[in-house]
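Please look over the sheet and the helices of this protein model.

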Amino acid sequence: APIQNVWPPARLSGRKFTMSHTVLRRADISDAARILEIYTPYITDTNITFEYDIPTLEEFSARIRKISADYPYLVCTVDNLVAGYAYAHRHMERAAYQWNAELSIYLAPRFRGAGLGTALYTALIEILRQMHVRNAYGCVTLPNEGSAGLHKSMGFSLLGIFHHTGYKLGAWHDVGWFERPVCQGSEAPLPLLSVQDIPDGQIRDILAHCKRLIQTDVLEGRV
């Protein structure tokens, strides 16, 4: 039987916030410098990413351009400042894996705990659903209570742990892989679509609804 997509999710019904200063939108190449500014401390100061070297702005811009050609790359702005970003990309290269996607998210520290991660992840998953993606995956360096908690709250389950799989900042680190279905069913999948195939109005509607998950009262005083 075909999968029935219900939008908006029931958990959004009746939620009303004053949201004029927050925007959830697709990333633009002009956002690259600010996105890289958010990402840089994750490279230099944490094991959250296993990247060692800060990419140049040109390299980072090329990454955004390549990913967003086929997959959603989103930002959340607060008073016109990018406060966090999230994107999806193909999980594995072989043809049979094409209906899977891996998700990544990074927030500026002062904007954590206000629902931005939930809003961005919900939007990514809903857009991936429209693209006929079947499974979403998240890769989390452990321990990381915040990221693991976000994935679990979004319906991901822990598949397993790669032990001592990455060496950074003078230590070996474990990595947990999380999974959740995006579309369910055992029938043959529909052809995978690019994000460019999804009507702009449909994406705007998803983003507008997901923005309601942001706790603007928590954001007060952080900008």
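The model is predicted.

**The sheet**

An open sheet is built from 7 strands. Their order is E1-E2-E3-E4-E5-E7-E6, and the pairing is mixed. Strands E1 (22-26) and E6 (157-168) stand at the edges. Each has a single partner strand, so one side of each is left without a neighbour in the sheet. From one strand to the next, the twist averages 25°.

Strand E4 (residues 100-107) pairs with E5 in the parallel sense, over 4 bridges. Asn-100 stands opposite Asn-135 in E5. Ala-101 stands opposite Ala-136 in E5. In a regular strand, side chains alternate between the two faces of the sheet.

Is strand E5 mostly covered or mostly open? Strand E5 (residues 135-142) is mostly covered, with 6 of its 8 residues buried.

**Helices on the sheet**

H2 lies across E1, strand E2 (73-78) and strand E3 (81-90). The angle of H2 to E2 is about 115°. H5 lies across E1 and E2, and runs at about 145° to E1.

**Helix against helix**

| Helix pair | Axes come within | Crossing angle |
|---|---|---|
| H3 (residues 116-130) and H5 (residues 200-210) | 9 Å | roughly 150° |
| H1 and H2 (residues 57-68) | 10 Å | roughly 105° |

Take H3 and H5. Their axes cross at roughly 150°. That makes H3 roughly antiparallel to H5, since angles over 145 degrees count as such. The crossing of H3 past H5 is right-handed. On the H3 side, the contact uses Ala-119, Thr-122, Ala-123, Glu-126, Ile-127 and Gln-130. On the H5 side stand Gln-202, Ile-203, Ile-206, Leu-207 and Cys-210. By class, the contact of H3 with H5 has 7 nonpolar, 3 polar and 1 charged residues.

Now H1 and H2. Their axes cross at roughly 105°. The two helices are therefore roughly perpendicular to each other. H1 brings Ala-32, Ala-33, Ile-35, Leu-36 and Tyr-39 to the contact. H2 brings Leu-57, Phe-60, Ser-61, Arg-63 and Ile-64. The residues of this contact divide into 8 nonpolar, 1 polar and 1 charged.

Where does Ala-32 sit? Its place is in helix H1 (residues 32-45). Ala-32 counts as buried, at 1% relative accessibility. Leaving aside residues up to four places away in sequence, Ala-32 touches Leu-57, Phe-60, Ser-61 and Ile-64. Ala-32 and Arg-63 are 31 residues apart in sequence. In space, they are 9.4 Å apart, C-alpha to C-alpha.

Ser-104 lies in strand E4. Is Ser-104 buried or exposed? Ser-104 has a relative accessible area of 13%, so this residue counts as buried, the cut-off being under 20%. Which residues does Ser-104 touch? Not counting residues up to four places away in sequence, they are Tyr-85, Ala-86, Tyr-87, His-89 and Tyr-121.

Key: Residues numbered from 1 in each chain as written. Predicted model: local features only at pLDDT ≥ 70, side-chain atom pairs only at ≥ 80, totals over all residues. Heavy atoms only, no water. Axes fitted to C-alpha atoms, helices over the stretch in contact; angles between N-to-C directions. Parallel < 35°, antiparallel > 145°, perpendicular 65-115°, else oblique. Left-handed = near helix turned anticlockwise from the far one by under 90°. Contact = heavy atoms within 4.5 Å. Nonpolar A, V, L, I, M, F, W, Y, C, P; charged D, E, K, R; others polar. Buried < 20%, exposed > 50% of the residue type's maximum accessible area, 1.4 Å probe, protein only. Pairing = 2+ DSSP bridges.
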